[in-house]
Amino acid sequence: MADKIKFALALLLLVTGVAGFYLLAEQAMILRVLAVLAGFGFSAAVAWQTEPGRQFFAFAKEATTEAKKVVWPTRKETLQTTGLVFVFVVIMAIFLWLTDKSLEWVLYDLVLGWRKA
């Protein structure tokens with residue numbers, strides 16, 4: 001039950017920060033943005049104290065660790081792959097154009113005879 005109350009408080013703090021942005025409409029933009037950031041920060045701090053919050057932050061930390069393990073392609077590999085994609089697109093465009101023109105010739109000239117003048 002304590003986690004639910006803390007989570008509700010975190011949501012209330014977040015909403016208060018967003019409401020502060022609109023209530024401070026007469027103030028400088030920096031104060032309005034700081035109100036939102038403060039609401040978000042306090043909300044995150046309270047949410048961190050709940051069990052689901054701790055699980056979420058642990059998951060986020062593990063996800064960051066896994067993302068660092070990703071092996072990104074080199075510039076050469078990226079350019080080669082991009083080149084292959086462009087070549088494939090051109091080949092498919094030519095193939096589809098030839099297919100379209102062939103079907104057009106077969107249907108309109110041979111089958112229907114519409115193009116004979």
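The legends below describe close-up views of a predicted model. In this predicted model, local features need pLDDT of at least 70 and side-chain atom pairs count only at pLDDT 80 or more, while totals for chains, interfaces and linings use all residues. Residues are numbered from 1 along each chain as its sequence is written, and side-chain values use heavy atoms, with hydrogens and water left out.

**View 1. Helices α1 and α2 pack against each other in a roughly antiparallel arrangement.** Helix α1 spans residues 2-23 and helix α2 spans residues 29-48; helices (H or I, at least four residues) and strands (E, at least two) are DSSP runs, numbered from the N terminus. The two axes come within 7 Å and cross at roughly 175°, axes being lines fitted to C-alpha atoms, for helices over the stretch in contact, with angles that run from 0 to 180 degrees between N-to-C directions. Angles under 35 degrees count as roughly parallel, over 145 as roughly antiparallel, 65 to 115 as roughly perpendicular and the rest as oblique, and α1 and α2 are therefore roughly antiparallel. Among the contacting residues (heavy atoms within 4.5 Å) are Leu-9, Leu-13, Gly-17 and Phe-21 of α1, together with Arg-32, Val-36, Gly-39 and Val-46 of α2.

**View 2. Helices α2 and α3 cross at roughly 105°.** The axes of α2 and α3 come within 6 Å, and the crossing angle makes α2 roughly perpendicular to α3. From α2, Ala-44, Ala-47 and Trp-48 take part in the contact, and they meet Gly-53, Arg-54 and Phe-57 in α3. In the loop between these two helices lies Thr-50, a residue that is buried at a relative accessible area of 2%; buried means under 20% relative accessible area, exposed over 50%, and partly exposed in between (1.4 Å probe, protein chains only). When its neighbours within four places in sequence are left aside, Thr-50 is in contact with Asp-3, Lys-6 and Phe-7.

**View 3. Aromatic rings pair at three places in the whole structure.** Rings of Phe, Tyr and Trp (its six-membered ring) pair if their centres lie within 6.5 Å, and planes under 30 degrees apart count as stacked, over 60 as edge-to-face and the rest as tilted. Of the three aromatic pairs found, one joins Phe-21 and Tyr-22, whose ring centres are 5.2 Å apart and whose planes stand at 90°, so the pair is edge-to-face. Tyr-22 is exposed, with a relative accessible area of 58%. Another pair, formed by Trp-48 and Phe-57, is tilted, with 5.1 Å centre to centre and 35° between the planes. Trp-48 is partly exposed at 48%, and Phe-57 is likewise partly exposed, at 31%. Trp-48, Phe-56 and Phe-57 form one aromatic cluster.

**View 4. The charged end of Arg-32 sits over the ring of Phe-21.** The distance from this charged end to the ring centre is 4.1 Å, where a charge sits over a ring if NZ of Lys or CZ of Arg is within 6 Å of the ring centre and within 35 degrees of the ring normal. Phe-21 of α1 and Arg-32 of α2 also belong to the residues that make the contact between these helices.

**View 5. Glu-51 and Arg-54 meet through their side chains in a salt bridge.** A salt bridge is a side-chain nitrogen of Lys or Arg within 4 Å of a carboxyl oxygen of Asp or Glu, and a search of the whole structure finds three. For Glu-51 and Arg-54 the N to O distance is 3.3 Å, and the two residues, three apart in helix α3 (residues 51-68), are separated by about one helical turn. Glu-51 is partly exposed, with a relative accessible area of 36%, and Arg-54 is partly exposed at 39%.

**View 6. Two further salt bridges join Glu-66 to Lys-69 and Lys-101 to Glu-104.** The side chains of Glu-66 and Lys-69 meet at 3.2 Å, N to O; Glu-66 counts as partly exposed at 45% relative accessibility, whereas Lys-69 is exposed at 55%. In the other bridge, the closest N and O atoms of Lys-101 and Glu-104 are 3.2 Å apart, and both residues lie in helix α4 (residues 75-111), three residues apart, about one turn of the helix. Lys-101 counts as partly exposed at 38% relative accessibility, while Glu-104 counts as buried at 18%.
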